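Dear colleague,

Please find below the structure that I am handing over to you. My notes on it follow.

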Amino acid sequence: MQYIGYRQRAVPGKPRRRSQMTGMLQNDGRVVSSTHPGDILAAFAAAAARLGDAREQVRRVIIGQDVVIDQCLAAILAGGHALIVGVPGLGKTRLVEALAAALGLSTRRIQCTPDLMPGDILGSEVLETGADGARAFRFIEGPVFTELLMADEINRASPRTQSALLQAMAERRVAVAGLNRQLPDPFHVLATQNPLEQEGTYPLPEAQLDRFLFEIRIEYPSVADERRMLLATTGLDQTEVEPVLDPEGLRAAQHVVRAMPVGAKVVDAILALVRGARPETAGDPKIAAALAWGPGPRAAQALMLASRARALLDGREAPSLDDVAALAAPVLRHRMGLSFAARAEGESVEALISLAVARILG
């Protein structure tokens with residue numbers, strides 16, 4: 001099998017950069033792992049084991065949402081952000097708190113409302129008078145200066161505030177009073193939306209939705225899981241999440257994700273799936289007729305990284321076609337738009353994605 005990701009093709013006049021770790025290079029020249037097979041496997045095994053422990057810690061308090069937990073972890077491992085869509089009361093806030101605790105990240109929450117201003121999340125400068133009477137401005141950081149930020153009901157914030165937050169997501173920095181201020185590393189946003197009530201909301205534009213790596217759907221738990229949840233959350237003893245990772249450990253795991261090799265068949269499948277979800281290049285006439293627009297190249301990048309992250313969570317050394325198929329819906333559904341005729345006929349984006357996956361991946 002041909003693998004992509006181990007070595008960089010030499011570019012004339014452009015030397016490869018190296019750091020303390022020697023050997024395996026990415027396409028942009030950055031060193032991603034040691035050349036010694038034992039070191040590569042040891043780093044992979046350590047990351048997979050700690051991530052498995054973190055997943056189990058979250059599952060102790062978030063019952064019946066294993067797929068949602070895995071998708072959130074995959075989004076964070078891939079270095080991206082996620083939009084969680086679900087009705088109230090399904091534990092979205094508790095999920096973010098549990099993820100932050102297990103990964104050892106600082107966390108803050110923003111409750112989005114129509115009157116929320118950009119300064120309320122980014123921070124602002126205040127004029128202070130010192131003991132000597134001198135006056136000076138001091139910057140007070142907003143809640144965006146954290147490692148895992150929860151933006152609750154993001155579609156209730158005004159477009160101006162949404163833009164400020166999503167710019168921070170894209171650039172990992174904020175501009176206040178003419179100065180660029182770097183956000184923490186790592187920095188991830190888990191935003192939520194209520195799919196039921198749309199009165200008084202400002203739906204995210206397509207260009208801003210594209211900034212989210214995943215759109216994760218959280219559904220009602222099964223009867224057995226809801227029974228376990230009922231017994232676990234209404235007694236005297238409450239389960240606490242123990243930290244397994246820290247920011248440095250998470251950055252190392254993200255490094256491992258980008259170092260993982262990818263088979264050429266997986267790369268071809270990702271390209272075929274993303275291009276097959278665009279009306280201009282869809283191989284299926286039904287898909288082409290039902291779509292008004294499709295995903296851009298950022299969707300292929302997201303699917304590539306997310307497939308690697310899912311493989312690492314499962315302890316596998318390379319992603320497979322099953323990973324691509326499992327993550328196609330959360331990566332693509334918020335990056336596709338139905339035509340007016342398709343909406344009138346009751347067509348759904350999920351059905352089109354399933355059709356594309358079945359046609360391309362079998």
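**Helix H12 and its surroundings**

The buried residues of helix H12 pack against helix H2 (66-77), E10, H9, H11 and H14. Here helices (H or I, at least four residues) and strands (E, at least two) are DSSP runs, numbered from the N terminus; contact means heavy atoms within 4.5 Å; and buried means under 20% relative accessible area, exposed over 50%, and partly exposed in between (1.4 Å probe, protein chains only). The buried residues of H12 are Asp-323, Val-324, Leu-327, Ala-328, Pro-330, Val-331 and Leu-332. H12 (residues 321-332) has 12 residues and reaches 16 Å from its first C-alpha to its last, close to the 16 Å expected at 1.5 Å a residue. The expected span is 1.5 Å times one less than the number of residues.

Please note that this is a predicted model, in which local features need pLDDT of at least 70, side-chain atom pairs count only at pLDDT 80 or more, and totals for chains, interfaces and linings use all residues. Residues are numbered from 1 along each chain as its sequence is written, and side-chain values use heavy atoms, with hydrogens and water left out.

**The chain and helix H11**

The chain has 14 helices and 13 strands. Of its 362 residues, 48% count as buried. Of the contacts in the chain with a separation of 6 or more, 72% are between residues 24 or more positions apart.

Helix H11 (residues 297-313) has 17 residues, which should span 24 Å at 1.5 Å a residue; its end C-alpha atoms are 25 Å apart, which agrees. H11 is mostly covered, with 13 of its 17 residues buried. Gly-315, which follows H11, has a positive phi, near 80°.

**Pockets**

A pocket is an open set of points on a 1 Å grid over the protein atoms alone, where a 1.4 Å probe fits, with protein on both sides within 12 Å along at least five of seven lines; lining residues have an atom within 4 Å of a point. Points are joined across faces, edges and corners, and a volume is the space filled by probe spheres set on them.

The largest pocket has a volume of about 800 Å³. It is lined by 36 residues, of which Ala-78, Gly-79, Gly-80, Arg-258 and Leu-305 are the closest to its centre. H11 gives the largest share of this lining, 6 residues. Domain 1 (36-259) and domain 2 (261-361) both contribute to the lining, so the largest pocket lies between them; the domain bounds come from an automatic or database domain assignment.

The second largest pocket holds about 510 Å³ of space. Among its 21 lining residues, the closest to its centre are Gln-193, Leu-209, Glu-215, Arg-217 and His-334. Its lining draws at least three residues from each of domain 1 and domain 2.

**Loops and backbone**

Ser-339 is found in the loop between E13 and helix H13 (340-344). Ser-339 is buried, with a relative accessible area of 15%. Leaving aside neighbours within four places in sequence, Ser-339 is in contact with Ala-289, Ala-290, Leu-291 and Ala-292.

Most residues other than glycine have a negative phi, and most peptide bonds are trans. A cis peptide bond joins Asp-185 and Pro-186, with omega about 10°. Pro-186 is in the loop between strand E8 (179-182) and strand E9 (188-193). Arg-172 has a positive phi, near 60°, and is partly exposed, with a relative accessible area of 23%.

Yours sincerely
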